[in-house]
Amino acid sequence: SLEVINEKVGATSGVCDKWYKVKSNNKEYYACGDYITIKEELTDEEIKDYRTYLKNKGFPDSYLDSLVSLHEKHPNWKFEVFKAEIGFNDMASIEYEKEGRSLLWDSNNSYDGYKSTESWAYSYLTDKFRNNYSGGGVNWYAASYNTVAYYLDPRNFLNEKQIFMFETLGYNSLYHTKDGVEKMLKNTFMESGYADNEKTKTYADAFIDAGIENNVSPYVLVARVIQEVGSQGSTIVSGTVSGYEGYYNFYNIKATGNQDQIITNGLDYAKKMGWNSPYKAIVGGSAFLSNDYIKQRQDTLYLQKWDLFGPAFGNHQYQQNIQAPSTESIGTYNGYNKSALLDNAFVFSIPVFKSIPSSTKLDNKGNPNNYLKSLKVNDKYLFESATHDTTFDLEFEENVTSLKISATTVNSKAIVSGTGSIAINSAKQSIVVSVIAENGAVRDYVINVKRNVTPVDPDKPVVPKPTPSPSPSPSPSPEPKVITIKEVLDKVKVKYDEKYFYGYEVNTKIEKIVSDIKNVDKNITVTSYNKEGKVKNSGIIASGDKITIKTSKEEKSYVIVIYGDVNGDGKISSVDYVLIKN
């Protein structure tokens, strides 16, 4: 933004009708008034009135700051409420629990922390994420629950660029212009050349005709094509695939199946539809988008990914890519911005759920693997390939005074502590080897060491060895204080009684609970179990999970309770409601 110091400071014939004196970053300039829109700052009273106006429309408080900020920048923009007939958490669970429904793109393992670590999506033992979902490909992975929730949450995208995922997608001749389309096509494979076989229609003509014919924004169509096939195109728009020469599918419609089927399935549909030129594929494909989505009330980029229409919520989606609305909206914004159209009276239909958490955020994007590939004591391996086991018992002769611990990690970015030469000072001792994943998740391996004391022969007299007496005799060293389990839990500040842990938030990681306890005293052994009694070293906690805490003096077990999680799956959903009601 610029601060206008003086308007109409002069005129230059043939160049600009009026010039403005402006200020930016404490420097003064002159700018042509043709490119300047004067905006007055809102008064506190006007901001208060607008917030009241938005609340009366049905927008929750958590939406207001962002919408007020957008209104100050673009007073002509209109914000409407789309009432979703489902709670946010229920919708996020629907999108997350269906394998392959919500996928994330990652070509170089940069976003492992955003991916699902469910058993069907990831193996901690091999550090391999599944990438063979139907309709996906080698670079597509199942997103974690928190990642799905983040991209589902409208409040994360109420900014000047990504707000366009909520723009209603109908055609408007006032600001959907051929010049604007041409600017969006610049530096893409569609920038020049003709789209029809007769060489009468350019690519810009094709998108304008598609918009007019099917009542859909041509800017959105351009952004969708770039999202689907890339700025330089892909095989499905080359027209050279064997058996499908001369056929094109610009929107990847019906391009689903396994990796080797995606292109052929998409081109098979193009051949059936007669899309034997880019022009026909662009115009004809837009009809599919309009008829199957926009005319079915899924008339925003957001709603085409996130199907908020019951009773089969989530079933009718245009794409699996959870980031598509975000990236496509930026493309749409760029088109409007290049055409100086951002101050038109756009209408944005923004979803408001029946209930929604206070906020959502992405996890650390680092790799979550905190497993050891191997663990060795002296020259003996405890294991040479990754295992879910974390506790090991070893016995040594009485004269052993130290052990050499060495380990390797499954993921090279994980950090190990507790290795090297470890002194053995007592008959029983626990050695803890901790693994910290790239994303900060901690996993402990506990080696319980026992030294065998030589038994006394009752038939052999014991001759005590003389003990030199220092002068003066030193005071006896006090025994080290052993911390009690109650003292540990009080320091962790967890809610508990004789049987239960409670008060945790949904989606709390089991690793966090274990880490919090061990941070008080590293010599404590903490073991967690699921409600079936199997060791549970990772994942979110659920009602019925069990935590066992053991010190050198005592051992106690507690059952975890999450209020509202009746069925013990770690989530609060309609299933729990039905159980409570019954």
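This is a predicted model: local features need pLDDT of at least 70, side-chain atom pairs count only at pLDDT 80 or more; totals for chains, interfaces and linings use all residues.
User: How do the residues of the lining of the largest cavity divide into nonpolar, polar and charged?

Analyst: Residues are numbered from 1 along each chain as its sequence is written, and side-chain values use heavy atoms, with hydrogens and water left out. The lining of the largest cavity has five nonpolar, six polar and four charged residues. Here Ala, Val, Leu, Ile, Met, Phe, Trp, Tyr, Cys and Pro count as nonpolar, Asp, Glu, Lys and Arg as charged, and the others, Gly among them, as polar.

User: What shows where empty space is left?

Analyst: Rolling a probe the size of a water molecule over the atoms does. A cavity is a set of points on a 1 Å grid over the protein atoms alone where a 1.4 Å probe fits but cannot get out, and lining residues have an atom within 4 Å of a point. Points are joined across faces, edges and corners, and a volume is the space filled by probe spheres set on them. In this structure, the search finds two cavities of 30 Å³ or more.

User: Which residues are the closest to the centre of the largest cavity?

Analyst: T390, D444, V514, V526 and N537, out of 15 lining residues. The largest cavity holds about 190 Å³ of space.

User: Which residues line the second largest cavity?

Analyst: E95, Y96, K98, G100, S102, W120, A142 and A143. Its volume is about 30 Å³.

User: Which peptide bond is cis?

Analyst: The bond from G310 to P311, with omega near 5°.

Definitions and conventions
On a 1 Å grid over the protein atoms alone, a cavity is a set of points where a 1.4 Å probe fits but cannot get out, and a pocket is an open set with protein on both sides within 12 Å along at least five of seven lines; lining residues have an atom within 4 Å of a point.
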